[in-house]
Every structure is written in C-alpha cells, then in structure tokens.
Amino acid sequence: MDIRDIARLSGYSLGTVSRVLNGHPNVSERARERVLSVVEEVGYEPNSNARYLKMQSHLSIAVFVKGSRNMLFADILERVQALLREAEEQPDVVYLGEDDNEVEAALRYERLRHPKGIVFLGGDPAYFKAAFSHISVPAVLVTNTAAGLGFKNLSSVSTNDVAAARELMEYLYGAGHRRIGIIGGERSLSQVGGRRLHGAEEALRAHGIEFDYERDFEPCHFSMEEGYDAAVRLIMRAPDLTAVFALGDAIAIGAMRAVFDMGMRIPEDISIAGFDGLAAGQFSVPRLTTIRQDTRLLASRSVEALLAALAGEEQPVREMVSHQLLNRESVRAVEQEPCRVA
C-alpha cells in the first residue's frame, strides 16, 4: 500500500493526497477528511524518512536540465513545473551543459540549498553509479533509466530507446533503404544516444548489415546547430546515403536545413527521420517522420514518483512509457536494384 493507492481509493489526485500527508494548509476540509479516512481504514503510515523530511526546512524541488538547447526537455520541463506547483511544491530550475556531471552539480546544490527532492531531466547513469549514494533526498531521473543502479531514493521514467530506434530502423529498411547514416549522441550505452545507436545497429544486423561507424556515423549534441554541421560532415563523407536517422528531432531539423543548403531535396534525394516527436517536426517542410515520446506521460509519471517518495514510499519506480512511430513526409520508399544473373 502506497500513496498511489491512497489517491485511487480516496478519489483525489496524487498531488492532493501529497498535500494532505505533508500537512499543507491549501486543501479543502472535505478532501483532507476523505484522504485521512482512507489512510486510517487501510492502516497506511508514512515512514520515518518521510517524517524526517517534513521536519526539515527544505523549500524547493531542484530540477536539473541537462542541455539548455534540448527542445524535448523544454516541453517536459513546462509540464513538470506545472504539476509540481499544482501539488504546492516549488520547482527551482538549474540548467547544465550537455557534458556536465549532473550528480556532482546536485551534490553541490544539496549542500548549499537543501532541496526536499530532485528531478533530473537527462543524465548519465555512469555519473549516478559513481556518486549518487551521497545524495540523501528522493530523486527521479527522466528520459534515462536508473535500472540496475540499486538506489532506493532514485526512480526513473524513460522511453525504451533501444526498441524505439530498432522500430524506426526497421521502417527505413522496409522502405528499401540500405545505405543509412546516423547523426547525434555518442556511442556510450549509458547515454540515451548510445542506446538508440545500439537499437539501430541491432535492426541492421538482423538483416545481415554491419553498421560502419567510421563511415556512416557522425556524433553531435542534441541541437539544430550541431545537427546541421553533423549532416554536412556525414553527407560529404558518404554521398551515397539514401537516408539519415537523426537521434533527436532538433538534430533532424538542423540536418534538413543542411540538406537544402547542399542543393538536395527531402525526400526525393535523401530521406530524413528523427526521434522525440517535437511539435516543430509537424510544421517542418516536409513534415518529419519520427519516433514520438509521450512527454505528458514522462512528466506526470516522474512527478508522481517523486511525490510518492516524498510521502514515504520506499520502493523506487522504474518505468518505461510507450512510444509511437509517426510516418510523415520526410521518408520515401526506394526501389532495390534487381540482382543480376551472370
């Protein structure tokens, strides 16, 4: 029995239940009485850690955003902030560089500001493995997984990046593409980009194609500017590509502009596909074929997990939300040349 069960049985939102259990005044008497009645009926007791947190002078929820130009994070952040404020919690947003160590930044913040909880928008599990044990407050990692790390105060909500990238690559292969380049991220499996690369590589290998990293992969950060430059480098090096898979929509949009500036057409000369499902991809010309991550669900599940931890739930959440392949206009089918018989 945890706070989510109390919310379900009482008929009130998780935020309302959290406010009742944490003693916030901005709750109707009807809601307070109903929630406390359910708590008494089921014998629910917040644990000692929750009571300890309540007694501290912690004021805010720290939200660390990894990469100020990541458009996906901007969408999730807006929803996270709204949900936290609805629960009478005060978010404090801290922007980091894509290459920064978010756990070390959180440790410094915790020593100075004493937050009651932490949200990490993006992060490298390698950093968590090395130093997260020194963080004492509940936290949730969004868009990457904490599975296997073993920290009781760290939940995670993410998309299955490997499966989603594999699905998109299968789609490209089914459309006849055999010379497919990839731009974005790094090869480390602890990072989101690395897992998407791994999924794409798995899909190609299943069809007997070994991905050539030296020729067909170009790393870059998740921004339009870097996507533009990476696409130019990749296409100049491998002009026979028929499709490019960008590991983020921001990268893909930059790549689309690069293709146009190089005098080519999408999808007539080269197909482009992305990953994330940003709103901008629906309005690009042509509309971007991509994997859509459910940003509403990523935000809501993450906030729910954190509120549950603040209310005393000791079991961390390890959740993967659904994704969807959006087949739009930026990918065309290509015909394979028939095999010649000697």
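Hi everyone. Before we look around, please keep in mind that this model is predicted.

Let's begin with the sheet. Which order do its strands follow? Reading across, the order is β7-β6-β8-β9. Four strands make up this open sheet, and their pairing is parallel. At the edges sit β7, residues 217-218, and β9, residues 271-273. Each of those edge strands pairs on one side only.

Now zoom in on β6 and β8. Strand β6 covers residues 180-183 and strand β8 covers residues 243-246. Four bridges join this parallel pair.

Next, a helix. Helix α8, residues 161-174, lies across β6, β8 and β9. How does α8 run relative to β8? The angle is about 170°.

Let's move on to the pocket. As a general idea, rolling a probe the size of a water molecule over the atoms shows where empty space is left. In this model, the largest pocket holds about 470 Å³ of space. Its lining has 25 residues, and those nearest the centre are K66, E98, Q191, V192 and F222. Two elements give two or more residues to that lining: α5 (71-86) and α9 (192-206). Which one gives the largest share? That is α9, with three residues.

And what kinds of residues line the largest pocket? By class, ten are polar, nine are charged and six are nonpolar.

How values were computed: Residues are numbered from 1 along each chain as its sequence is written. This is a predicted model: local features need pLDDT of at least 70, side-chain atom pairs count only at pLDDT 80 or more; totals for chains, interfaces and linings use all residues. Side-chain values use heavy atoms; hydrogens and water are left out. On a 1 Å grid over the protein atoms alone, a cavity is a set of points where a 1.4 Å probe fits but cannot get out, and a pocket is an open set with protein on both sides within 12 Å along at least five of seven lines; lining residues have an atom within 4 Å of a point. Grid points are joined across faces, edges and corners, and a volume is the space filled by probe spheres set on the points. Ala, Val, Leu, Ile, Met, Phe, Trp, Tyr, Cys and Pro count as nonpolar, Asp, Glu, Lys and Arg as charged, and the others, Gly among them, as polar. Two strands pair if DSSP finds at least two bridges between them. Contact means heavy atoms within 4.5 Å. Axes are lines fitted to C-alpha atoms, for helices over the stretch in contact, and angles run from 0 to 180 degrees between N-to-C directions.
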